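Have a look at it first, and then we'll walk through its sheets and helices together.

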Amino acid sequence: MHPFSYERARDIDHAIRLAAAPGTRFIGGGTNLLDLYKSGIERPVLLVDVNHLPLADIVELPDGGLRIGALATNTAAAGHPLVRQRYPLLTAALLSGASTQLRNMATVGGNLLQRTRCYYFTDPTFTHCNKRTPGSGCAAMDGYNRIHAILGASDACIAVHPSDMAVALCALDATIRVQGPQGERSIGISDFHRLPGDTPHIDTTLAEGELILSVDLPPSPFGTRAHYLKLRDRASFAFALVSVAAALDLQDGTVRDVRIALGGVAHKPWRADDAEALLRGQPLSAQVLQQAAALAVAGARPYRHNGFKVALAQRAVVRALQLAGGKA
Ligand code: SF4
């Protein structure tokens with residue numbers, strides 16, 4: 001057992017000061033961190049308990065958007081009346097993830113920071129994993145890679161990001177408000193998670209010692225015209241093989257605005273900008289939907305066992321848009 005120290009943060013500044021020490025991890029719900037600690041993958045020197053900080057509130061912003069505190073549990077966020085009413089896409093994504101027990105513990109901030117479930121990363125008996133041990137290689141590249149990425153991967157890592165919530169946040173153009181030694185800043189969700197490149201051990205653009213304060217959502221024109229479609233190996237408690245968060249703003253059957261984000265296909269939630277651009281100003285016809293779906297996976301590079309994801313992702317995009325638009 002790897003020994004570590006524990007400190008309970010008195011306030012946000014105290015938490016950030018404590019995090020200046022090398023090897024520090026913030027702990028909220030701990031649902032992923034504890035698993036990784038028990039398997040020896042995470043080896044914190046100091047755990048800073050942030051659970052008593054005032055970061056669990058969900059409040060309306062002056063512009064009509066919503067601020068979800070980083071310590072709001074996944075259950076609280078999914079069930080909040082304003083989230084259910086204005087961002088049902090987020091509620092659906094949250095409820096599709098994990099189990100009730102885990103959602104009761106897991107926080108919104110922690111959800112963003114959960115790490116890949118690549119088998120070769122989570123099982124320390126595999127020695128070749130650039131994400132766990134930089135420079136050691138990637139066992140998944142020539143191994144069993146059915147769950148791995150088809151978009152944006154690199155020769156160093158083909159892992160996917162596991163969060164459902166982050167996929168919905170990507171479609172909703174959320175920003176992540178953080179505070180660190182240099183002060184406070186906001187990071188667009190599309191810039192928060194990284195593609196692996198040559199440094200797959202770095203999952204996010206958070207700087208050293210930065211603490212997530214909240215997830216901020218802009219006012220949404222999409223309302224209930226949204227759908228989160230998650231395709232997985234079993235009906236519950238499984239990570240997405242492919243997921244799609246789709247939201248539509250329709251006027252007289254024509255797409256005025258649209259958002260499409262995919263999960264289970266890349267090292268970060270994958271925003272389908274080109275597919276969105278094609279759909280704007282178009283009717284939701286079968287032909288247009290097929291064209292948009294093809295654009296959503298443009299440049300896909302499947303590996304030995306996950307070629308099925310290319311077709312699955314296209315069908316999921318079509319289906320999610322149909323369901324969002326009430327056409328299914
Ligand atoms: Fe490690 Fe990434 Fe390769 Fe999985 S895909 S073994 S996480 S380097």
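This is a predicted model: local features need pLDDT of at least 70, side-chain atom pairs count only at pLDDT 80 or more; totals for chains, interfaces and linings use all residues.

## Strands, sheets and a helix pair

Gln-179 sits across from Glu-184 of strand S7. Residues are numbered from 1 along each chain as its sequence is written, and side-chain values use heavy atoms, with hydrogens and water left out.

Back to S7. Strand S6 (residues 175-180) pairs with S7 in the antiparallel sense over 6 bridges, and the two form a hairpin with 2 residues between them. Strands here are DSSP runs of E with at least two residues, helices are runs of H or I with at least four, and both are numbered from the N terminus. Two strands pair if DSSP finds at least two bridges between them.

Now zoom out. The model has an open antiparallel sheet of 5 strands, in the order S4-S5-S8-S6-S7. S4 (58-60) and S7 (183-188) are the edge strands with a single partner each, so one side of each has no neighbour in the sheet. On average, neighbouring strands of this sheet are turned by 25° against each other, direction ignored.

There's also an open antiparallel sheet of 4 strands, ordered S9-S10-S11-S12. Helix H5 (residues 88-95) lies across S9 and S10, at about 15° to S9.

| Strand pair | Sense | Bridges |
|---|---|---|
| S6 and S7 | antiparallel | 6 bridges |
| S10 (residues 242-251) and S11 (residues 254-263) | antiparallel | 9 bridges |

How do H12 and H13 pack? Helix H12 (residues 286-296) and helix H13 (residues 308-324) meet at an angle of about 130°, with their axes 8 Å apart. Axes are lines fitted to C-alpha atoms, for helices over the stretch in contact, and angles run from 0 to 180 degrees between N-to-C directions. H12 and H13 are therefore oblique to each other (under 35 degrees is roughly parallel, over 145 roughly antiparallel, 65 to 115 roughly perpendicular, and the rest oblique). Residues in the contact (heavy atoms within 4.5 Å) include Leu-289 and Ala-293 of H12 and Val-317 and Leu-321 of H13.
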